[in-house]
Amino acid sequence: MPKQQKSVRSLSIYEPTIQRLGEFRVVHPLPEDPERLRELGFDGNPTDGESIVPSQVGPISTFNANGREIVRKDLPKVSQSRMVWASWNDWHGNPHSGMQIRSQQVYQKELISPPEEYITLMQSAAGPVLASRTLSRTVDKDERIIHVINLFLELFGSLEITSVDLKSAQSLNVKRLNWRILPPGEFPFERATNELSEFLDRVDERVRPVIHSRIKSVTQYKPDFMAVGIGGFREYVVFGFQSKNIYVLESPSLGNATYVFRNNWAEVSALSKKEILDGALHEARLVHNHRWTGALRQAITGK
């Protein structure tokens with residue numbers, strides 16, 4: 001029977017099983033409800049081997065997908081700019097609204113990289129399960145194993161520790177699903193916002209006009225490719241200019257910047273969030289300040 005628990009701080013209750021197995025997986029029976037699967041980040045009918053960073057449903061899955069920021073009050077404050085949508089009246093009392101750039105002094109933040117643990121659909125003797133990767137105390141620190149256990153407890157409320165020899169484990173072709181590619185064609189602003197309606201509905205109402213404005217700025221250069229993130233990547237949107245091998249990655253949660261990659265899509269789609277945020281692989285990081293519009297134009301057109 002799956003063990004019922006909200007969270008754990010140590011491996012003590014799992015110690016006998018872990019010691020006996022050596023290498024093991026954390027598993028839970030595959031939910032039968034298609035809507036529950038969609039909440040996790042799968043489509044309604046996943047197949048063996050499909051693997052996702054699960055959607056954010058609580059603090060553990062949010063940390064798993066996004067990492068965590070530590071406010072460094074021991075360091076000097078720095079100036080940070082951000083885009084905001086503001087409303088105001090002119091001297092004659094006429095109302096106006098639009099994008100503004102506001103700067104303020106803020107504490108520096110240190111990013112703890114996201115663990116990005118995946119859950120994978122596999123077959124067991126008892127039927128289909130969602131399983132972790134192979135874990136072992138000789139390879140993985142206790143802290144990481146505890147994270148995986150707490151991730152399953154947050155997602156499902158229960159779990160089992162089992163041997164790695166699931167029915168389909170040896171021959172399984174694991175397919176990591178981080179992106180859903182939209183139908184091909186040009187993506188003017190109207191089509192882009194229609195395609196992104198579900199994404200935009202999840203964005204905070206205070207931020208939504210800002211995201212609309214940035215999408216409008218990108219789509220004026222006529223992207224011919226779009227992809228939206230799945231599961232733990234679902235706050236990401238990618239606009240592609242395939243003839244130039246340029247991909248613009250936008251998100252309300254991307255640390256105050258837009259990321260530009262000059263790679264083919266296969267390379268871009270394989271990036272982890274850590275690789276995206278670390279900055280070693282992108283061509284440009286466009287900070288959301290008063291230079292953003294010009295920097296975007298330069299990145300896409302070279303002019």
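**Aromatic contacts in a predicted model**

User: What sits over the ring of Phe63?
Analyst: The charged end of Arg68, 4.0 Å from the ring centre. A charge sits over a ring if NZ of Lys or CZ of Arg is within 6 Å of the ring centre and within 35 degrees of the ring normal. This is a predicted model: local features need pLDDT of at least 70, side-chain atom pairs pLDDT 80 or more, while totals for chains, interfaces and linings use all residues. Numbering runs from 1 along each chain as its sequence is written, and side-chain values use heavy atoms, without hydrogens and water.

User: And which charge sits over Phe189?
Analyst: Lys216, with its charged end 5.6 Å from the ring centre.

User: Switching topic. How many aromatic pairs are there?
Analyst: The whole-structure search finds eight. Rings of Phe, Tyr and Trp (its six-membered ring) pair if their centres lie within 6.5 Å; planes under 30 degrees apart are stacked, over 60 edge-to-face, the rest tilted.

User: Why is Trp179 with Phe233 edge-to-face?
Analyst: Their planes are at 65°, so the pair counts as edge-to-face; the centres are 5.7 Å apart.

User: Are they buried or exposed?
Analyst: Trp179 is buried at 12% relative accessibility. Phe233 is buried too, at 1%. Buried means under 20% relative accessible area, exposed over 50%, partly exposed in between (1.4 Å probe, protein chains only).

User: What about Phe225 and Tyr247?
Analyst: An edge-to-face pair, 5.5 Å centre to centre, with 85° between the planes. Phe225 is buried at 7%, and Tyr247 at 3%.

User: Which residues form the cluster?
Analyst: Trp179, Phe225, Phe233, Tyr236, Tyr247 and Trp265 form one aromatic cluster.
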